[in-house]
Amino acid sequence: MHPQLSRLIFLSPKTLLRPVPHSNVLSHRYYTVNTWNERKPLFEKILIANRGEIALRVMRTAKDLGIKTVAVYSEPDAHAQHVKMADEAFLIGPAVSAESYLNIEKILNVAKMTGAQAIHPGYGFLSENADFADRVTASNLEFIGPSGDAMRAMGSKSESKFIMEKAGVPVVPGYHGDNQDVKFLKEQAGKIGYPVLIKAVKGGGGKGMRIVRGPSEFEEMLESSKRESIKSFGDDRVLVEKYLERPRHVEVQVFADKLGNTVHLFERDCSVQRRHQKVIEEAPAPGLSEEIRASLGAKAVAAAQAVNYVNAGTVEFIMDNVDKQFYFMEMNTRLQVEHPVTEMVTGTDLVRWQLEVAAGNALPMTQDQLSLNGHAFEARVYAENPSNHFLPDTGLLYSVRTPDTNPNLRLETGFIQGDDISVYYDPMISKLVVHGQNRNDALRRFRRALEQYQIVGLNTNISFIKKVCEHPEFIKGEVETGFIQQYEKDLFEEPTVPHPSTLALVASALRLKEIESMKQQVTDSINPWNTIHDAFRINNKNQKKVAVTFNDHPYEVVVSSSQKDSHLLDMAIIDGKNNEVIKNYTNIESYLDEEGLVVSTIDNKSTKSNVVVYEDEVVVFDDFGRTTLQLPTPKYLAEAMDGGHGVGSVKTPMPCKISQVFIQPGQYVEKGATILILEAMKMEHAIKAPVSGTIDQVLYAVGDLVAENKSLVTFAEQ
């Protein structure tokens with residue numbers, strides 16, 4: 001138990017003992033502030049009602065301005081980075097968000113207890129909860145965001161559409177009314193014309209969103225949308241809209257103060273998405289004329305003014321990539337995840353703008369003073385497996401290497417090496433943000449930064465994002481929301497064999513680590529390098545064999561002393577299936593530098609590579625990208641793991657919670673039938689029967705938390 005838990009049941013202060021190192025760089029050198037005769041002072045202390053990277057992001061600007069910060073945290077976040085960075089931190093409940101980060105009463109109690117003058121909600125959690133904004137204001141605190149009324153007006157997708165139409169902002173054709181009868185909604189879909197998009201009225205982040213391509217699947221998609229909507233937003237009402245086949249997601253950052261001033265800070269393109277959630281954002285949007293850019297900005301300002309909006313907001317448009325017509329989608333009444341790309345191209349600190357506006361001051365810049373400078377990209381780095389339908393992953397950040405930050409490269413993260421990514425919250429690890437003089441310059445920097453960002457311990461989407469950035473169509477700026485699906489074959493193409501030099505690097509690294517371990521006389525039984533004898537078999541005094549597998553294909557590297565020099569090595573790379581020599585290398589030189597990187601000279605080419613051994617894997621980051629190889633499993637473990645899963649078992653694709661179970665032992669099911677619904681990171685995932693047959697065992701019940709790769713259901717032998 002955390003030492004502070006015993007002091008109070010749910011509220012316990014924790015004093016900051018030391019600052020947390022971070023790698024964020026804000027371009028304050030561009031920031032300009034107007035001179036006001038009666039400028040109001042900023043707050044002395046604020047509470048951040050959030051966690052992770054956004055909490056740290058707000059704290060950094062607050063500290064820069066001399067504002068004290070208060071953090072709140074749940075039990076699993078007791079040692080989180082935002083807790084360490086805050087001046088004060090308070091435990092407010094267990095892992096379940098409803099009892100911690102969504103508990104308004106506890107958060108307000110902490111604010112009153114600490115003397116905080118304002119609350120910053122971050123994004124997610126309570127950031128777009130109108131009742132929370134009202135409660136904060138009623139408690140004589142400042143809510144660093146828009147009013148509850150503005151949230152209500154824009155929080156309802158259907159109501160916001162009517163407001164936009166009245167304000168002269170174009171909207172997508174569709175049904176936005178209150179009639180939720182299934183038959184009626186299906187009739188409306190038919191009138192609109194398939195394909196249609198079902199969206200949660202209170203939705204966001206892709207949750208509750210379903211594409212329906214024909215009437216036969218309407219009811220199933222509607223039911224699924226409603227289930228996910230009620231879990232995510234407490235409201236299962238939906239709207240039905242025309243689905244554009246070649247859409248782009250273009251959004252505009254707006255800002256308004258309490259004095260009636262409203263500006264836009266230009267647009268961002270967020271078209272590269274998976275599961276209707278953004279992966280890469282860039283500013284400005286590529287391929288737009290100045291006329292379209294000006295029109296987008298004007299319509300976004302009109303949208304904000306229509307609801308008397310105050311503080312930071314984002315007006316999202318869907319754009320037809322054929323005729324460049326755009327339509328209002330929704331307004332996010334908070335600071336967006338992707339706000340750093342706007343900061344990079346406008347030279348602003350939008351969190352500082354939020355604090356200025358909340359304190360009652362005018363916007364720091366007028367529309368005429370705002371201009372675009374260069375181009376910026378942002379990647380959302382997630383703990384997820386792109387090769388397995390982008391399903392989220394959890395676990396330890398065992399090894400983390402990041403690119404060096406500078407005024408043109410920011411890394412916004414809430415986690416460092418040694419932290420855990422929990423099953424309870426969003427799987428985003430960080431945001432990598434890069435700025436350049438133009439799109440090509442920024443993209444080159446972006447690709448290089450992705451190469452240098454290396455994580456071992458769980459699956460991430462870093463390699464996938466790099467593939468997107470290397471794709472010819474992305475380089476040309478041809479981005480649409482269907483980009484990933486359209487170029488799926490290119491983006492998910494995996495190497496069939498490892499490069500011979502990569503296998504030589506593995507052998508070099510294992511040998512160097514073995515020597516290092518022997519020198520240090522390491523006796524710790526859990527040290528991963530003490531297991532390398534399973535791969536490194538000593539045959540004689542001058543020869544060793546390294547055995548690894550890649551995609552279940554065995555390889556061996558025979559390592560021997562060079563005839564030329566005793567400190568150099570010769571290596572033979574052998575295909576373990578047919579025993580054929582793939583490549584011979586001679587006179588290899590290698591050593592570990594001060595950072596633990598492997599410096600090798602192979603075929604007269606000197607390279608510096610990162611080789612990490614974690615559990616039963618060796619992960620190599622070299623000129624050929626990331627390569628993961630498996631070390632041999634010791635016999636006693638192989639025997640223990642052999643069998644035990646039953647005939648035709650169904651396993652969990654990721655750590656999850658069981659949301660619904662549709663089957664029971666003895667029941668016959670057809671192949672493809674939905675048998676369970678899993679919930680992970682607030683998203684639903686349907687599990688379908690892999691075969692037709694009779695259910696033998698259902699191993700978990702509704703509400704159970706299940707780790708990855710665990711059997712859920714077994715089928716009886718036929």
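This is a predicted model: local features need pLDDT of at least 70, side-chain atom pairs count only at pLDDT 80 or more; totals for chains, interfaces and linings use all residues.

**A helix and its neighbours**

Let's begin with helix α5, which covers residues 148-155. Which of its residues are buried? They are Gly148, Ala150, Met151, Ala153 and Met154.

**Salt bridges**

How many salt bridges does the model have? The count comes to 51. Here are three of them, with the N to O distance for each pair.

| Pair | N to O distance |
|---|---|
| Asp77 and Arg51 | 2.6 Å |
| Arg60 and Glu412 | 3.1 Å |
| Lys605 and Asp623 | 2.8 Å |

Take the salt bridge between Asp77 and Arg51. Asp77 sits in the loop between β3 (68-74) and α2 (81-85), while Arg51 sits in the loop between β2 (45-48) and α1 (52-64), so this pair ties together parts that are 26 residues apart in sequence. Are these two buried or exposed? Asp77 has 5% relative accessibility and counts as buried. Arg51, at 11%, counts as buried too.

Now for the salt bridge of Arg60 and Glu412. It links distant parts of the chain: Arg60 belongs to helix α1 and Glu412 to strand β21 (residues 409-413), and the two are 352 residues apart. Arg60 is buried, with a relative accessible area of 8%, and Glu412 is buried as well, at 0% relative accessibility.

The salt bridge of Lys605 and Asp623 comes next. Lys605 is in strand β31 (residues 605-614) and Asp623 is in the loop between β32 (617-622) and β33 (625-630), so the parts they tie together are 18 residues apart in sequence. Here Lys605 is partly exposed, at 46% relative accessibility, and Asp623 is exposed, at 53%.

Some salt bridges share partners, and in this way Glu251, Arg268, Lys278, Glu281, Glu316, Glu338 and Arg380 are joined into one network.

Pro195 lies in the loop between α7 (182-192) and β8 (196-200). Another cis peptide bond runs from Ala283 to Pro284, where omega is near -5 degrees. You'll find Pro284 in the loop between β13 (277-283) and α9.

Then there are two asparagines to check for phi. Asn311 has a positive phi, near 85 degrees. This residue is part of strand β14 (residues 311-320), and it is buried, with a relative accessible area of 1%. Asn604 also has a positive phi, of about 65 degrees. It lies in the loop between β30 (598-602) and β31. Is Asn604 buried or exposed? With a relative accessible area of 80%, Asn604 is exposed.

How values were computed
Residues are numbered from 1 along each chain as its sequence is written. Side-chain values use heavy atoms; hydrogens and water are left out. Buried means under 20% relative accessible area, exposed over 50%, partly exposed in between (1.4 Å probe, protein chains only). Helices (H or I, at least four residues) and strands (E, at least two) are DSSP runs, numbered from the N terminus. A salt bridge is a side-chain nitrogen of Lys or Arg within 4 Å of a carboxyl oxygen of Asp or Glu.
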